[in-house]
Amino acid sequence: MPSYKLTYFDVRALGETARLLFTYAGVPFEDVRVTMEQWPELKAKMPWGQLPVLEVDGHTIPQSFAIYRYLANEFGLAGKDALEKAEVDAIADAFKDFYASIGPDYIYIWAGFKEGNAETAHKDVFLPAVEKFLPVFESILQKSGSGFFVKSGLTWVDFFVANNLVTMVNASPDCLKAYPGLAKLKETVHSLPQLQKYLAARPDTKA
């Protein structure tokens, strides 16, 4: 079995999907959590000056989506065939676009990573984006018929979306009331037996 080392900050954010994939698959990995004090020195050593970074037997993989897709292919969580893998990638890319529209201008403010008025950003940024994007994701879930985003069942995009939905609900508790499929997906993923020991022990972070 390869040796895996995942390096990220001590928050969920872009590192948690990889952690969940490892945990669900039952594959051991070194979970390195970097402090803000350690980051300036480490940053210069990272391929793009960013985290997360995954090391596989000494080979370095930067960029969160590259990491998720690599692990999903290794663990059988990428989709049943090339067409379904493309569907998974499209859903993930669309959700990434959605999250990019709320992250810097609301989530970062709410979480204390950026200055600004969280109440105003919630009304002007977060809620309009939710109303634009979440009905589409809800529809995809309903059409799949599996309870997950694609017909064959659980894939990496379910972990990715569920993790971000936790942050969204933390920031706006009622945001999924009109989207029961997404609310159920969040609960289903976080109820998987393989994850329970890890979830009980992981640090409790806002994002």
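How much space lies in the largest pocket? About 1,000 Å³. This is a predicted model. The protein is divided into domain 1 (4-76 + 194-201) and domain 2 (82-192). Both domains contribute to the lining of the largest pocket, with at least three residues drawn from each.

**Largest pocket**

- The lining of this pocket counts 34 residues. Closest to the pocket centre are Tyr8, Ala13, Leu14, Leu51 and Tyr108.
- Five elements each supply at least two lining residues: strand E1 (4-9), helix H2 (39-43), helix H3 (64-75), helix H4 (82-111) and helix H6 (156-171).
- H4 gives the most to this lining, with 7 residues.
- By class, the lining has 22 nonpolar residues, 9 polar and 3 charged.

- Most residues other than glycine have a negative phi, and most peptide bonds are trans.
- Ala13 has a positive phi of about 40 degrees, although Ala13 is not a glycine. Ala13 sits in the loop between E1 and helix H1 (16-25). Ala13 is also among the residues closest to the centre of the largest pocket.
- Leu51 is joined to Pro52 by a cis peptide bond, with omega about 10 degrees. Pro52 lies in the loop between H2 and strand E3 (53-56). Leu51, like Ala13, is listed among the residues closest to the centre of the largest pocket.

**Second largest pocket**

- About 180 Å³ of space lies in the second largest pocket.
- Its lining consists of Lys80, Asp81, Leu83, Glu84, Glu87, Ser139, Ile140, Lys143, Ser144, Phe149, Val150 and Lys151.
- H4 and helix H5 (118-144) are the elements that give two or more residues to this lining. H5 gives the most, with 4 residues.
- Which classes make up the lining of the second largest pocket? There are 6 charged residues, 4 nonpolar and 2 polar.

**How the two domains meet**

- The centres of domain 1 and domain 2, taken over C-alpha atoms, are separated by 21 Å.
- Across the boundary, 16 residues of domain 1 are in contact with 17 residues of domain 2.
- The two domains bury an area of about 1,500 Å² between them. Carbon and sulfur atoms give 60% of that area.
- Which three residues supply more than any other three of the area that domain 1 buries against domain 2? They are Arg12, Phe65 and Arg69, with 36%.

**UniProt annotation**

- In an unreviewed entry, UniProt lists "domain: GST N-terminal" at residues 2-79. Over this span the chain is 35% helix and 24% strand. The end C-alpha atoms of residues 2-79 are 22 Å apart.
- UniProt, again in an unreviewed entry, places "domain: GST C-terminal" at residues 81-207. This span is 71% helix and 0% strand. The end C-alpha atoms of residues 81-207 lie 32 Å apart.

Conventions. Residues numbered from 1 in each chain as written. Predicted model: local features only at pLDDT ≥ 70, side-chain atom pairs only at ≥ 80, totals over all residues. Heavy atoms only, no water. UniProt positions renumbered as here; feature names shortened; annotations may be inferred. 1 Å grid on protein atoms, 1.4 Å probe; cavity = no way out; pocket = protein on both sides within 12 Å on 5 of 7 lines; lining within 4 Å. Points joined across faces, edges and corners; volume = space filled by probe spheres on them. Nonpolar A, V, L, I, M, F, W, Y, C, P; charged D, E, K, R; others polar. Domains from an automatic or database assignment. Contact = heavy atoms within 4.5 Å. Buried area = accessible area lost by both parts, 1.4 Å probe.
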